[in-house]
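Reader: I am new to reading protein models. Could you take me through one, feature by feature?

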Amino acid sequence: MIFTVAIDGPAAAGKGTISRAVAERFGFAHLDTGLLYRAVGAKGGDPVEAALTLSDADLTRDDLRTLEAGQAASRVAVIPEVRAALTDYQRSFARREGGAVLDGRDIGTVICPEAEVKLFVTASAEVRAHRRWLEVGGDEAQVLAEVIERDKRDAERATAPLKAVEDAVVIDTTVLSINAAVDVACRVIAEAL
Ligand code: C5P
């Protein structure tokens, strides 16, 4: 069975948690596409070269989850050649046998416009910054400033900006608990299967 679930949305909206839960529930493979951009940013040197030569070892570095790695990712993610170099890998992952969940910023818009299910997971910047701050600590106002800066860069870039497609189901986790959000996602997928 070929079945793709595309999950897009801004940083710390709950995409990762929802994607992992959905993948486990339906037995689908999961790709966190943010990790690809984080790995390109962390590799240093020429980002296009880094994207073209990305390997499994680059994706398993343990410094990819930091705020700095997120900022570096969003800077290389504006480069069209970097995005192009990562496209085939994501598309073949999406159409693999057995079903796949991909989460990111442009999965429903660019990578898999033909995905059987498209979800857009969002929440207010304050709520997302608070969640990120609970994970990383430090100065909460600084975390909020970084979330807003990254949102702006992701939404305003010319190539593959963050936006919800018309046929995406929007899940707002500002007040919805993560469990309730997972339930909504599972229901939408079960109906489309
Ligand atoms: O989702 P995550 O926070 O790991 O993504 C890091 C950065 O990578 C995002 O801020 C965004 O700039 C970029 N990204 C992207 N397209 C994706 C996934 C991530 O541009 N599909």
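Author: Let us start with a loop. Ala 12 lies in the loop between strand 1 (4-8) and helix 1 (15-26). Helices (H or I, at least four residues) and strands (E, at least two) are DSSP runs, numbered from the N terminus. This is a predicted model: local features need pLDDT of at least 70, side-chain atom pairs count only at pLDDT 80 or more, and totals for chains, interfaces and linings use all residues. Residues are numbered from 1 along each chain as its sequence is written, and side-chain values use heavy atoms, with hydrogens and water left out.

Reader: Is Ala 12 buried or exposed?

Author: First the cut-offs. Buried means under 20% relative accessible area, exposed over 50%, and partly exposed in between (1.4 Å probe, protein chains only). Ala 12 has a relative accessible area of 14%, so it is buried.

Reader: What is the phi of Ala 12?

Author: It is positive, about 60°, although Ala 12 is not a glycine. Look also at Ala 160. Its phi is near 50°, a positive value in a residue other than glycine. Ala 160 sits in the loop between helix 9 and strand 5 (169-172). With a relative accessible area of 10%, Ala 160 is buried.

Reader: Where is Ala 100, and how is it classed by accessibility?

Author: Ala 100 is found in strand 3 (residues 100-104). Its relative accessibility is 0%, so Ala 100 counts as buried. Now compare sequence and space. Ala 100 and Gly 16 are 84 residues apart along the chain. Their C-alpha atoms are separated by 14 Å.

Reader: Which class does Thr 53 fall into, and where does it lie?

Author: Thr 53 lies in the loop between helix 3 (47-52) and helix 4. It counts as partly exposed, because its relative accessibility is 39%.

Reader: What about Leu 59 and Arg 61?

Author: Leu 59 lies in helix 4. It is buried, because its relative accessible area is 18%. Arg 61 is in the loop between helix 4 (56-59) and helix 5. Its relative accessible area is 33%, so Arg 61 is partly exposed. From Arg 61 to Lys 43, the C-alpha atoms are separated by 9.8 Å.

Reader: Now the ligand. How many residues surround it?

Author: A residue is near a molecule if one of its heavy atoms lies within 4 Å of it. Here 14 residues surround the ligand. The closest are Arg 38, Arg 83, Arg 150, Asp 154 and Arg 157.

Reader: How do the residues of that shell divide?

Author: Ala, Val, Leu, Ile, Met, Phe, Trp, Tyr, Cys and Pro count as nonpolar, Asp, Glu, Lys and Arg as charged, and the others, Gly among them, as polar. The shell has three nonpolar, four polar and seven charged residues.

Reader: Which polar side-chain atoms lie by the ligand, and at what distance?

Author: Arg 105 has a polar side-chain atom 2.9 Å from an oxygen atom of the ligand. For Arg 157, the distance to a ligand oxygen atom is also 2.9 Å. Asp 106 has a polar side-chain atom 3.0 Å from a nitrogen atom of the ligand.

Reader: How much of the ligand does the protein cover?

Author: Accessible areas come from the Shrake-Rupley method with a 1.4 Å probe. On its own, the ligand has 450 Å² of accessible area, and the protein covers 97% of that.

Reader: Which element gives the most to the shell?

Author: Helix 2 does, with three residues.

How values were computed:
Polar contact = N/O pair within 3.5 Å; in protein donor to acceptor, adjacent residues only side chain to side chain.
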